[in-house]
Amino acid sequence: MGQEKEFKRLFREYYPRLYAFAYGMVKDEEACRDIVSDAFEMLWGHLDGVKDGNERGFLYRVIRNKCIDRIRSSVSRQRYEVFYKTFYGEGDDSLSQLMDTEAKIEKMRRLIGTLTPQTRAILNACYFKGKKYADVAEELGISTSAVKKHIVQALKILRKEVK
């Protein structure tokens, strides 16, 4: 029963300070309550392993780590939202934009099919396989400047026709 009394004392004494500490990092009241409650739950589970007088440090460490995890998660979610909005757009226009993009991709595929076999192979190696111009030139037995000329020619055709 002594352990339970000690835990209640720690909870009453440190909860307001720990909440303020968490709020300073997370700025979300509900999340701070959850984080501090989780920290006390962890303390309860590890009360035997935490040295006397070290409970406060344990709680602050747990809360700091949980706040950092929450911030990382929030940043990741925000990045994904920005990516999604940028790539797919929002509202009714997103479907038409997606259709336009799909049409452009299909047109580019057809245009790539009309290029000379060597230009098509060079474009495929450099852009789709990520090879360097020098590597492609060596494989095909041509100069690096010839590879560049093929790339410039292919991109010029694609830009002109896809616009």
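1. A quick convention to start: buried means under 20% relative accessible area, exposed over 50%, and partly exposed in between (1.4 Å probe, protein chains only). On that scale R72 is exposed, with a relative accessible area of 55%, while D69 is partly exposed at 45%.

2. Please keep in mind that this is a predicted model, where local features need pLDDT of at least 70, side-chain atom pairs count only at pLDDT 80 or more, and totals for chains, interfaces and linings use all residues. Residues are numbered from 1 along each chain as its sequence is written, and side-chain values use heavy atoms, with hydrogens and water left out.

3. Back to that pair: the side chains of R72 and D69 form a salt bridge (3.9 Å, N to O). The term covers a side-chain nitrogen of Lys or Arg within 4 Å of a carboxyl oxygen of Asp or Glu, and the count by this rule is 8. R72 and D69 sit 3 residues apart in helix α3, about one helical turn; helices here are DSSP runs (H or I, at least four residues), numbered from the N terminus.

4. E106 is partly exposed at 37%, whereas R109 is exposed at 56%.

5. In helix α1 (residues 2-26), R9 and E6 are 3 residues apart and form a salt bridge at 2.6 Å, N to O. Both are partly exposed, R9 at 35% and E6 at 29%.

Note on methods:
Helix = DSSP H or I, 4+ residues; strand = E, 2+ residues; numbered from the N terminus.
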